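Let's take a walk through this fold, starting with a helix and ending in the pockets. Keep the viewer open as you read.

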Amino acid sequence: MEVWFTELQSPELKISCKVRQTLHREMTPFQEIVVLDTEQFGRMLVLDGAIQTTIADEFVYHEMLAHVPICSHDDPKDVLIIGGGDGGCAREVLRHQQIASVTQVEIDQRVVEVSRRFLPELACSFDNPRMSVNFEDGIAFVRDKEACYDVILVDAPDPVGMAAGLFSQEFYESLYRALRPDGIFAAQTESPFFNKDLIERVYGAISSTFPVTRLYLANVPTYPSGLWSFTIGSKKNDPAQGARSGCPLVASLADQGLRYYTPEAHRAAFMLPSFVQALLK
Ligand code: SAM
């Protein structure tokens with residue numbers, strides 16, 4: 001008998017993956033967590049029916065969410081990650097040896113525990129001495145922070161329920177206050193094909209808060225439409241100019257084992273097709 005997992009990507013579109021094995025399933029106080037072993041993408045983390053990450057394509061999302069803003073900052077030392085309980089984003093941040101501290105705020109402790117058990121390739125950095133993890137709401141956590149971080153990464157799920165506030169004007173204003181004067185943040189901002197209204201709204205809200213706002217793209221096969229957007233708010237540097245000269249990660253790229261991020265991919269990600277540019281007017 002064949003078993004298939006189907007994600008309802010929009011009311012009119014479903015994507016199905018053939019499942020080898022269901023490895024884990026539980027309801028937490030926050031959400032349903034499922035880990036599947038799929039034929040096409042390997043292990044897959046699914047929260048409330050939505051694919052969060054898979055072993056086959058996670059490197060695209062995590063490398064681009066982390067390295068584009070970090071490599072754009074002149075001297076990043078302290079990083080805050082909001083969400084990201086699978087650990088993939090933290091793994092990428094900690095490749096940067098000049099980063100002294102990574103604070104992660106994940107609302108659901110079970111996502112971290114389940115990822116440690118079933119997705120060790122991603123959740124390999126939680127014991128790193130530079131890393132600390134807080135289990136609480138990232139929106140509340142950041143509300144009273146002032147000039148504490150150089151880089152903030154928002155590794156959020158879709159903008160519904162407890163994650164909806166991670167896409168709000170009030171939240172972006174909190175991020176602005178929490179960043180130092182040359183700070184920069186990046187957030188995943190969904191599909192330019194399926195989430196046009198959201199991208200327009202988020203880009204407008206970030207533009208009204210940060211002097212530099214940029215959207216960039218990467219291809220993530222398991223996310224709706226495959227074309228994925230990230231939006232940056234920066235207080236100083238323009239990330240579309242590329243990695244800063246002398247960025248230690250770029251200097252040691254050959255030793256890092258990265259599979260997507262290069263200085264060329266960084267610059268190219270900001271070259272937007274015209275239908276995406278039209279969303280930013
Ligand atoms: N890469 C993924 C994507 O684009 O779908 C996101 C992955 S990561 C697993 C998202 C995490 O954000 C989840 O573990 C979820 O528990 C967490 N989360 C949701 N709302 C949150 C909030 N308000 N504060 C902190 N973490 C939150």
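The expected span of a helix is 1.5 Å times one less than its number of residues. Helices here are DSSP runs of H or I with at least four residues, strands are E runs of at least two, and both are numbered from the N terminus. This is a predicted model, where local features need pLDDT of at least 70, side-chain atom pairs count only at pLDDT 80 or more, and totals for chains, interfaces and linings use all residues. Residues are numbered from 1 along each chain as its sequence is written, and side-chain values use heavy atoms, without hydrogens or water.

Now try the rule on α1 (residues 58–72): its 15 residues should span 21 Å at 1.5 Å a residue, and the end C-alpha atoms sit 22 Å apart, which agrees. Still, α1 has a kink of about 25 degrees centred on M64.

The largest pocket holds about 390 Å³ of space, and among its 23 lining residues D48, A50, P157, D158 and V160 lie nearest the centre.

A pocket, by the way, is an open set of points on a 1 Å grid over the protein atoms alone, where a 1.4 Å probe fits, with protein on both sides within 12 Å along at least five of seven lines; lining residues have an atom within 4 Å of a point. Volume is the space filled by probe spheres set on the points, which are joined across faces, edges and corners.

The second largest pocket has about 160 Å³, and β1, β2 (13–27) and β3 (32–38) each supply at least two of its lining residues.

Terms used. Bend = angle between axes of the 7 residues up to and from the residue.
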